[in-house]
Amino acid sequence: MNTKESTAGKTVRIVFLTLWLIFTVFPLYWITITSFKPPGAIFAFPLSYWPEEFSLDNYAGLFDKAEFGTYLVNSLIVATVAGVLATAISMLSAYVLARFEFRSKGALLMAALVTQMIPAFIALGPLYLLMTDLRLVDNRFGLVLVYVAVCIPFCTVMLRGFFENIPDTLEEAAMIDGCSRFGALFRVLLPVMRPGIIAAFIFNFVNCWNELFLSVTLMNSDDNKTVPTALNGFISSFNIDWGSMSAAAVLTILPTMVLFAFASRHIVQGLTAGAVKG
Amino acid sequence: MKRRNAVAALGLALTMTVTGCSAMGGPGDGTVTLNMVESLTNPARTQVLKQLIADFEKRNPKIKVNLVSPPTSQADQKMQQMLQSGSGVDTLEVRDITVGSWSNNGWLYDMSEDLTGWSGWRGLTENAVEAATDAKGRTYFVPYGFYGMSLFYRTDLTAEAGRDKPPRTWDELVEQASAIQDTSKRRYGYAFRGGPNASSNVTAIIEAYAADRLDPANGYRLTDGRTVFSAPEASAALEKYVELFKKGSPPSSIAWGYPEMVEGFANGSTAFLLQDPEVIATLRESKAIDEKQWSTAPLLAGPGGKAVQPLATAGWGVARGSKHKAEAVKLVEFLSQGEASATFAKENSLIPILKQADEDPFYRTGPWASYVAMNQAPDTYLTVTQPRDAPWFTEWTQKADADVQKMLLGKMTPKRLLDDWDAYWTAKWKNGKS
Amino acid sequence: MRAGTELSEHPPVRRPSRKGRKEAARPARRQDGGRRKREFTARRGAMIAGFMSPAVIFVAVFTYYPMVAGSQMAFRHWDLADLTDTSFAGLANFKEIFDDPLWGTVLSNTALWVVASIVPQLVIGFALALWLRRRFRFRGLYQALIFFPWAISGFLIGVLFRWMFNSEFGVVNDLLMKARLIDEPVAWLADPHTAMVVIIVANIWYGVTFFAIMILAALQSVPDEVYEAAALDGAGKARTLFQITIPYIRTMLALTVLLRIIWIFNFPDIIFGTTGGGPNNETHIVTTWMIHITQQGDYGKASALGLLVVAGLLLFSVFYLTATREKGAKS
């Protein structure tokens with residue numbers, strides 16, 4: 001903006017941004033602090049805002065009592081594979097929806113929107129029966145398939161926005177040079193779209209990483225559980241284990257945080273390209 | 001180079017998902033894999049079960065057991081889904097509150113024939129044998145233990161408040177709880193139950209107040225055939241109960257369920273807790289209070305000096321859809337006798353199903369002593385069966401819990417609540433069995 | 001020219017010019033299509049089908065099929081307490097919902113939940129986006145820090161806020177008492193009104209990010225020339241915002257808001273993790289109520305409620321899209 005900022009405006013801005021930062025970060029600070037308090041100290045009164053001693057008991061407990069490592073690995077695998085597959089499949093459909101006019105296009109876009117309106121709970125029962133028939137209950141690959149389906153609609157719409165912002169002269173030039181449509185998509189568009197693809201993947205990954213209800217429904221054995229299910233399990237019928245819970249929460253947030261820290265530039269940049277068409 | 005690494009990693013991840021399927025099929029050497037589902041899950045209990053299962057597998061090399069432990073809050077729903085699909089469950093946890101509707105839906109297998117002549121029967125207590133067989137002689141589950149309530153109290157806090165004995169009656173509880181309560185120190189009297197299953201404690205106090213006129217076969221019924229909620233004692237009981245909430249309990253406890261109550265006691269902030277013996281195990285692990293700071297006392301009595309023990313139970317059963325019923329029953333048998341059963345009851349602090357427990361010193365000392373004391377005075381501590389196996393019992397608790405919260409929030413008078421409950425059960429008894 | 005701060009506010013993001021694209025791309029396609037149209041149609045159709053089919057198959061099998069199968073339960077007696085009778089029930093389940101004393105509470109809660117969540121999310125998100133366009137020191141870090149609530153699961157956020165608002169050991173009460181704003185601990189989650197405040201605050205905390213990201217992205221698509229022209233006209237800040245910036249990004253804004261409304265409507269996780277709909281079932285929104293009914297075992301009623309959700313949102317979306325489009329046509 002070319003307008004000069006007044007001192008008052010600047011003050012407002014700085015105050016607001018600071019307050020918001022505190023509001024955003026404080027809950028995370030608090031859960032982190034809680035996780036490092038020795039189990040007895042969590043309920044000590046008055047509350048301490050900085051633990052007198054940092055204890056790793058809560059973290060050790062996670063790997064002793066529950067197989068938290070297994071859950072982390074499961075979540076990582078499922079979210080990564082589902083994120084990649086969903087992004088790849090959505091690229092194809094998004095490309096078609098961006099580049100071609102055809103009769104069922106409007107209906108397809110509406111169908112994508114409707115998927116966002118379906119409450120997961122209406123479908124859980126039949127989905128469980130379906131997965132039983134497919135012999136994919138309690139199977140990480142089965143969960144991946146379901147997650148891919150969950151991610152595709154929004155991902156397609158998002159990627160469609162990116163494609164629309166890339167002039168089609170680009171791949172047409174490539175096709176005249178002898179590339180097939182598919183080849184053109186890969187060799188020419190992919191590099192240009194990289195930020196958008198990264199943004200779409202991160203969105204999918206985060207969605208799958210955090211998903212609870214489908215995972216509880218479809219996974220049975222301990223070896224196949226994902227992290228959100230385990231978190232829910234810390235509210236057992238006996239007590240709410242706040243210590244383990246906060247330690248688990250920190251471990252759950254960490255991977256997505258690292259991902260975000262590395263990619264936040266890409267996310268904005270990627271969405272920039274796509275946002276206009278939404 | 002970078003790209004190749006990424007592709008390799010993805011390929012590896014894909015293979016892992018595909019090969020990750022467990023419990024499907026298995027090697028073709030006649031090994032059977034059972035799926036066993038628990039519902040009152042907690043990490044410590046799951047560990048115990050895993051050990052028992054390992055032992056079972058060692059004795060039965062041709063049987064593998066895959067334990068499924070869904071989070072408690074969603075366990076019932078998940079089990080229902082599995083049962084409805086007709087596969088994936090062999091052995092499962094059946095509770096007195098679920099057996100009614102599940103057997104009604106044809107999801108449970110009647111084990112009575114398989115269990116005729118089973119040697120384990122002889123080891124079971126009378127209560128256990130009775131709970132294992134329904135009115136028509138069918139066995140849908142063999143109990144693994146009983147849940148009966150006792151009062152957990154903080155010895156240090158009651159002493160500080162100048163009381164040398166724990167409360168014996170509900171009256172005394174209210175008095176002591178309000179004396180101990182000091183909100184400025186975050187210290188509260190009673191770990192009140194206002195959330196899920198709040199109604200169970202409300203009926204407990206009502207039954208204690210009307211103890212003299214209760215039908216032993218159905219705790220919700222008076223000897224004259226009317227409901228316990230119609231009795232005048234019931235409204236006196238409710239008044240006392242509301243007083244307990246207002247004067248002696250943390251305000252947030254209006255939303256407390258099982259976990260919050262236990263947490264409230266285990267973290268040292270409340271002085272009294274009315275709970276199952278199961279809690280003993282949890283409290284022993286508490287880092288906030290040590291074992292010298294708390295003890296248990298018998299159940300609270302009403303004005304008539306009598307208390308009512310609402311016995312609840314759960315056990316192991318077999319799904320009707322199971323393809324390996326013989327092996328599944330074998331697992332139930334294994335868990336219901338001998339060392340396995342004793343270990344499970346002890347580790348989870350359940351009232352045991354085995355007769356031999358009477359001689360076990362474990363149950364004579366410490367927190368368990370009050371259970372023994374209650375058992376030895378059956379005229380004061382009446383054991384009354386609750387209508388928990390009625391098919392509508394889940395519906396009832398949902399409704400009753402909501403009503404209790406309404407009453408505590410002042411949105412429903414105690415009288416309205418009792419009239420309502422009276423009408424509910426009168427209508428149900430008129431239409432149905434039970 | 002003074003040193004960079006004001007002039008280099010736009011990060012050098014690669015940004016395709018809208019104008020350029022329209023002029024260059026469209027005629028090219030028309031020309032091309034005219035010449036090879038016929039041989040193209042068959043291959044074109046095959047390609048569309050080929051590229052679309054994986055997505056369509058996935059969504060049809062794993063989303064639409066279970067939903068359709070699930071919705072037939074809405075017209076049957078389907079109560080897990082008694083599955084011996086699963087006969088056709090007509091509209092009985094729907095009637096049961098409308099007759100339920102909770103229905104009114106649930107509807108007004110849902111409206112409150114959506115409106116009270118989305119308005120602050122939008123306003124704060126917009127403000128953040130406007131301010132984040134400026135370059136300042138540590139902007140990258142700042143952005144990363146405030147963006148990532150979005151990466152945390154709703155259930156976990158619910159649990160986190162439940163812990164902070166715990167009346168006995170919660171940090172919120174402690175801070176408020178230290179600030180002398182309250183004298184004794186407030187039992188936040190014990191009263192339906194304050195509980196509602198907690199879950200909405202949690203949702204705002206979570207959802208601002210999405211708006212900030214989307215709007216920030218959209219803002220970077222507004223060409224500098226537009227602002228320069230506005231500045232030349234002597235337009236003030238407010239005028240620039242309302243007459244230039246907002247109209248420029250309105251399509252995207254409208255769609256983002258719609259999507260968020262749908263998502264928030266269908267977002268039981270936070271409430272599930274904090275209050276679970278209580279106390280006294282007074283913090284249920286439609287979707288948590290649906291979970292509650294499912295847990296009671298009445299799948300028929302739950303499915304009927306699910307269908308009502310889809311129908312309501314569909315109707316709303318059509319109205320919303322029509323309304324925003326008409327306005328768009330006028331300007």
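Contact between chains A and C, meaning heavy atoms within 4.5 Å, takes in 101 residues of chain A and 106 residues of chain C. This is a predicted model, in which local features need pLDDT of at least 70, side-chain atom pairs count only at pLDDT 80 or more, and totals for chains, interfaces and linings use all residues. Residues are numbered from 1 along each chain as its sequence is written, chains are lettered from A and ligands numbered from 1 in the order in which they are written, and side-chain values use heavy atoms, with hydrogens and water left out.

The size of an interface is often given as the accessible area lost when the parts come together. For chain A and chain C, the buried area (accessible area, 1.4 Å probe, that two parts lose on being put together, summed over both) is about 9900 Å², and carbon and sulfur atoms give 78% of that. On the side of chain A that touches chain C there are 73 nonpolar, 18 polar and ten charged residues; here Ala, Val, Leu, Ile, Met, Phe, Trp, Tyr, Cys and Pro count as nonpolar, Asp, Glu, Lys and Arg as charged, and the others, Gly among them, as polar. Zero salt bridges turn up across this interface, a salt bridge being a side-chain nitrogen of Lys or Arg within 4 Å of a carboxyl oxygen of Asp or Glu.

Chain A itself splits into domain 1 (1-55) and domain 2 (59-275), with bounds that come from an automatic or database domain assignment. Their centres, taken over C-alpha atoms, are 30 Å apart, and each domain gives eight residues to the contact. About 580 Å² is buried between domain 1 and domain 2 of chain A, 83% of it on carbon and sulfur atoms. On the domain 1 side, A:Ile31, A:Ser35 and A:Ile42 lose the most area, together 58% of what that side buries.

Over all chains, the salt bridge count comes to 34. One of them joins B:Arg45 to B:Glu93, with the closest N and O atoms 2.5 Å apart. B:Arg45 sits in helix 2 of chain B and B:Glu93 in strand 3 (residues 91-95), so this pair ties together parts 48 residues apart in sequence; helices (H or I, at least four residues) and strands (E, at least two) are DSSP runs, numbered from the N terminus. B:Arg45 is buried at 1% relative accessibility, and B:Glu93 is buried at 1% too. Buried means under 20% relative accessible area, exposed over 50%, and partly exposed in between (1.4 Å probe, protein chains only). B:Ser39, in the loop between strand 1 (32-37) and helix 2 (43-59) of chain B, is in contact with residues including B:Arg45 and B:Glu93, and B:Ser39 is buried as well, at 2%.

Another salt bridge pairs B:Lys415 with B:Asp419 (2.8 Å, N to O). Both lie in helix 17 (residues 414-431) of chain B, four residues apart, or about one turn of the helix. B:Lys415 is exposed at 57%, whereas B:Asp419 is partly exposed at 42%.

Definitions and conventions: Lists of a residue's contacts leave out its neighbours within four places in sequence.
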